[in-house]
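Trainee: Could you walk me through this one with me? I would like to start with what the words mean and then go to the details.

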Amino acid sequence: MTTTELPDRHGAVVRLWLYAVAALVLAMILVGGGTRLTESGLSITEWQPVTGTLPPLSETQWQAEFEKYQAIPQYLALNRGMSLDAFKTIYWWEWTHRLIGRTIGVAFLLPFLWFLWRGWIPPRSRGRLWVIFALGALQGAVGWWMVASGLADRVEVSQYRLATHLALACLIYATLLWTARRWDERPSTPASAGIRIGAIGLLVLVLAQIYLGALVAGLRAGSAYNTWPTIDGAFVPETSRLFFEVPLWRNFFENALTVQFDHRMLAYTIWVVALLHAFNAASVLKKGPVVVGAVALTVAVTLQAALGVWTLLAIVPLSLALLHQAMAMIVLTVASLNAASVAERSPRRAPARRPVQI
């Protein structure tokens, strides 16, 4: 093997690493969804990044953790009388969520440093990868900031902080997929400005929709207004019901009716834009991976919309709620890869190497 073949092989390894880290982030998001839906997120009342890696190992330690949980408002208001075995169940959800977060940090940083040492990361890509690592570190702090909001004066976490936590995780996930997809040295498919704008615009809209979905979850808005296509008796509720909070902006974050209405309207918008994007890609390119990606995104968005309606009408059972969040991540995955495949890219230079014969 000659040195001219090495950069391609190194690029493939780096790309595989990025996809593997993205898979871990996906797992963390899905476990996080289960943690929220099972009311497990407040079961660990302290943030111990290092010592918290180990779970309780004796009945004495389990009892100590349980007593900490018994002192917070959620236990006193919602779970008074909970058994130790029941506490262990919610504890394992939150502990697993945090463990995956720690694993992501190690799985990203150690290979990244090794790739830098070996010269496998081109200088123009190093900044982006350091930003991804910084976002991951910030996510850990945001996670504790979210949990802390539910340890006093509330029985659940703030919907503002919940939405921020999920949106940041999804941003990290999308950035990893984007970076991995564009690490490919193969030439990208030529696409018109309209197709690029549509693909990137859809990615932004999907991220915004996930943020709104987190607000819906944080407010438990999905358990109210369980009719479709009407909401509160009409397709568009009365203005006096949508905007009664003062100041006005609070309605978009604290009024359950307004938040669910916004979530519905953005879903309709994404579905229409996805259809137009697929039609545009098929009309201009006729066939190829970009067309396949656009059509796949339209199918995923359609399935997610149908699943959302089903979940709403069923009044958010745990199984459907988990499936709805998982499908949202499938939509985000397809949207990220589709956008990365059509975005313009600059030619990537491989790091200079001395001729070596292996």
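Predicted model: local features only at pLDDT ≥ 70, side-chain atom pairs only at ≥ 80, totals over all residues.

Trainee: Which residues does histidine 165 touch?

Mentor: Leaving out residues up to four places away in sequence, histidine 165 touches His97, Gln139, Val142, Gly143 and Met146. Histidine 165 itself is found in helix α6, which covers residues 159–182.

Trainee: Is histidine 165 buried or exposed?

Mentor: Histidine 165 has a relative accessibility of 13%, so it counts as buried.

Trainee: New topic: how many aromatic pairs are there?

Mentor: A search of the whole structure finds 25 aromatic pairs. In one of them, the rings of tryptophan 17 and phenylalanine 108 have their centres 5.0 Å apart and their planes at 40°, so this pair is tilted.

Trainee: Where in the chain do those two sit?

Mentor: Tryptophan 17 is in helix α1 (residues 6–37) and phenylalanine 108 is in helix α4 (residues 84–118), so far as the sequence goes 91 residues apart, and the pair links distant parts of the chain. Tryptophan 17 and phenylalanine 108 are both buried.

Trainee: What about phenylalanine 115 and tryptophan 120?

Mentor: Phenylalanine 115 and tryptophan 120 form a stacked aromatic pair, with 5.6 Å from centre to centre and 15° between the planes. Both of these residues, phenylalanine 115 and tryptophan 120, are buried.

Trainee: Which residues do ring pairs link into a cluster?

Mentor: The cluster that ring pairs link together consists of Trp17, Phe108, Phe112, Trp114, Phe115, Trp120, Trp130 and Phe133.

Trainee: And what lies over the face of tryptophan 117?

Mentor: That is arginine 118, which lies over the face of tryptophan 117 at 5.6 Å from the ring centre.

Trainee: Moving on to charges, how many salt bridges does the structure hold?

Mentor: The structure holds eight salt bridges. One of them is formed by glutamate 59 and lysine 88, whose closest N and O atoms are 3.1 Å apart. Glutamate 59 lies in helix α2 (residues 59–70) and lysine 88 in helix α4, so the pair ties together parts that are 29 residues apart in sequence.

Trainee: Is lysine 88 buried or exposed?

Mentor: Lysine 88 is buried, since its relative accessible area is 16%.

Trainee: What does arginine 220 form a salt bridge with?

Mentor: Arginine 220 forms a salt bridge with glutamate 156, and the closest N and O atoms are 2.8 Å apart. The pair links distant parts of the chain, 64 residues apart, with arginine 220 in the loop between α7 (193–219) and α8 (239–242) and glutamate 156 in the loop between α5 (123–148) and α6. Arginine 220 counts as partly exposed at 41% relative accessibility, and glutamate 156 is partly exposed as well, with a relative accessible area of 22%.

Trainee: And arginine 241, which residue is its partner?

Mentor: Arginine 241 forms a salt bridge with aspartate 232, with the closest N and O atoms 2.9 Å apart. Elsewhere, salt bridges that share partners join Glu39, Glu156 and Arg220 into one network.

Definitions and conventions:
Residues numbered from 1 in each chain as written. Heavy atoms only, no water. Phe/Tyr/Trp six-rings, centres within 6.5 Å; stacked < 30°, edge-to-face > 60°. Helix = DSSP H or I, 4+ residues; strand = E, 2+ residues; numbered from the N terminus. Buried < 20%, exposed > 50% of the residue type's maximum accessible area, 1.4 Å probe, protein only. Lys NZ or Arg CZ within 6 Å of the ring centre and 35° of its normal. Contact = heavy atoms within 4.5 Å. Salt bridge = Lys/Arg side-chain N within 4 Å of Asp/Glu carboxyl O.
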